[in-house]
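Reader: Could you walk me through how a pair of helices packs here, and then through some of the aromatic rings?

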Amino acid sequence: MPGRTALPAWKALAAHADAFANTHLRDLFGSDPERGERLTVEAAGWYFDYSKNRVADDTLRLLVDLADACGLRARIETMWRGEKINSTEQRAALHVALRASAGEKFIVDGEDVVPEVHATLARMADFSERVRSGAWRGFTGKPIRAIVNIGIGGSDLGPVMACEALRHYSRRDLVFRFVSNVDGTDFCEAIRDLDPAQTVFVVSSKTFTTQETLANARAARAWLLRALGEECAVGRHFVAVSTNAAEVAKFGIDPANMFGFRDWVGGRFSMDSAIGLSTMLAVGADNFRAMLGGFHAMDAHFRNAPFAHNLPVLHALLSVWNANFLGVESVAILPYDQYLKRFPAYLQQLVMESNGKQDTQHGERTDYATSPVFWGEPGTNGQHSFFQLLHQGTRRVACDFIGVRESLNPLGDQHELLLANLIAQTEALAFGKTAAQVRAEGSPERLVPHRTFDGNRPSNVLLAERITPASLGALVALYEHSVFVQGVIWDIDSFDQWGVELGKQLAARIVPELHDSNAPLAHDSSTNALIRRLRKT
């Protein structure tokens, strides 16, 4: 069937990009004094300034035309109806139901799933309150003082990010650690200073068969039993986020302490499901529900706002414009708030595991770029690291700057200095500095090329009043929906992840070959040589 590049709307954008090639942001701002006020939108507590993208009004109109041509409105409604939009796995992708209010209905396979969602939240809240109040005690009768989340991928990145982002709201007399890497160092360093008698492990694995997670869970179990001695201690120090009651019970966890979620919740879209149990333990049930409220507010805006004024849709369409028509291959996520230091790592999975695909939903190879590479660091640290490349490098990088008006930890004028840097970096990326300006400053001629900045480098700015559970939820939902919209435009399934499977399959084959020096090897010469070099005997 005809691909996306055959659409008249795509062709119109390509022609527009050619005509727009020599347009500079200096020209766009110079011809429109109101541009910085006009090209903005607000939703769910977030202010989005996209004026420093290389777009004109015609660009935005053509991008909305492309969204319409790709059937975006219908795809949004299809998702909300609980249809199986994860086409390769024949599953719904209904993470929006996780933050639905009790009176809403979301139907999957003829069943309203909202009552189950709220029942799970109530069980999570009950368990969290018992741990936080000291009512839940360990095997020896001591109160719990440490919670260790064991997971990987979406079972780790979301909870880690949320616990860091909401640390201001967390219980400071409780210790929270996260173990994901199968490298034993990750586990050993996480538990080195903990008391087994006062530690609870949250093992997060939907199937309870994830290789890395189970390896770390077994290490945790052995560590606990070495200290406490009796098998029945496991039930007081382990809970599971899973759907496999048989394997959970076999491990020694009471299925009554298992918190589940359905297969319509993808791992990287699961931080507001039972996967968020460690987050709720950290911040409490009320703050967790406030976070869900932020998610829900952005969901409502995304579903109902016209595309031309829809924050996630505009964010996505600008990403498509940059990636497919301006040749941008990379996006830097730059949070100017230390609490969001893990947000770039979280987005790496959300974006690249979702849209790092080369085939359409119909199994045809794309003839256009899909997901750019996502990366980043908090400001101002990044300014003294990779901003040189952002400003004067040969590769074009789009940037998302994220900031808040009020610091949760005001200290002198440091927050104003932080915000000044955020604003200044967006100005420098957009407008640069011409050779004439450098010469006017009295620079020696030999240094003029080195002190000249081309500018014309795209950036977005996202601002909230402060970091709160609600603003965090809305921010995550914004990116979730942006990812979905980009997937619709590119005609790919944003909810599967077959690309992670091959390496796992090969690793399962190699593990016994590393243990057995006599095992025959039938890989390529490099792989065979590496296995022989790394064998234990």
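Author: Angles under 35 degrees count as roughly parallel, over 145 as roughly antiparallel, 65 to 115 as roughly perpendicular and the rest as oblique. This is a predicted model, in which local features need pLDDT of at least 70 and side-chain atom pairs pLDDT 80 or more, while totals for chains, interfaces and linings use all residues. Residues are numbered from 1 along each chain as its sequence is written, and side-chain values use heavy atoms, without hydrogens or water.

Reader: At what angle do H5 and H20 pack?

Author: Helix H5 (residues 72-80) and helix H20 (residues 469-490) pack at about 125°, with their axes 10 Å apart, and they are therefore oblique to each other.

Reader: Which residues in H5 and H20 meet?

Author: Taking contact as heavy atoms within 4.5 Å, Leu-72, Arg-75, Ile-76, Met-79 and Trp-80 in H5 meet His-481, Phe-484, Val-485 and Val-488 in H20.

Reader: Switching to rings, how many aromatic pairs does the structure hold?

Author: There are 22 aromatic pairs, where rings of Phe, Tyr and Trp (its six-membered ring) pair if their centres lie within 6.5 Å, and planes under 30 degrees apart count as stacked, over 60 as edge-to-face and the rest as tilted. One of them is Phe-201 with Trp-223, edge-to-face at 5.8 Å centre to centre and 90° between the planes.

Reader: And are Phe-201 and Trp-223 buried or exposed?

Author: Both Phe-201 and Trp-223 are buried, where buried means under 20% relative accessible area, exposed over 50% and partly exposed in between (1.4 Å probe, protein chains only).

Reader: Which residues do ring pairs link into a cluster?

Author: Trp-10, Phe-20, Trp-321, Phe-325 and Tyr-368 are linked into a cluster by ring pairs.

Technical notes. Axes fitted to C-alpha atoms, helices over the stretch in contact; angles between N-to-C directions. Helix = DSSP H or I, 4+ residues; strand = E, 2+ residues; numbered from the N terminus.
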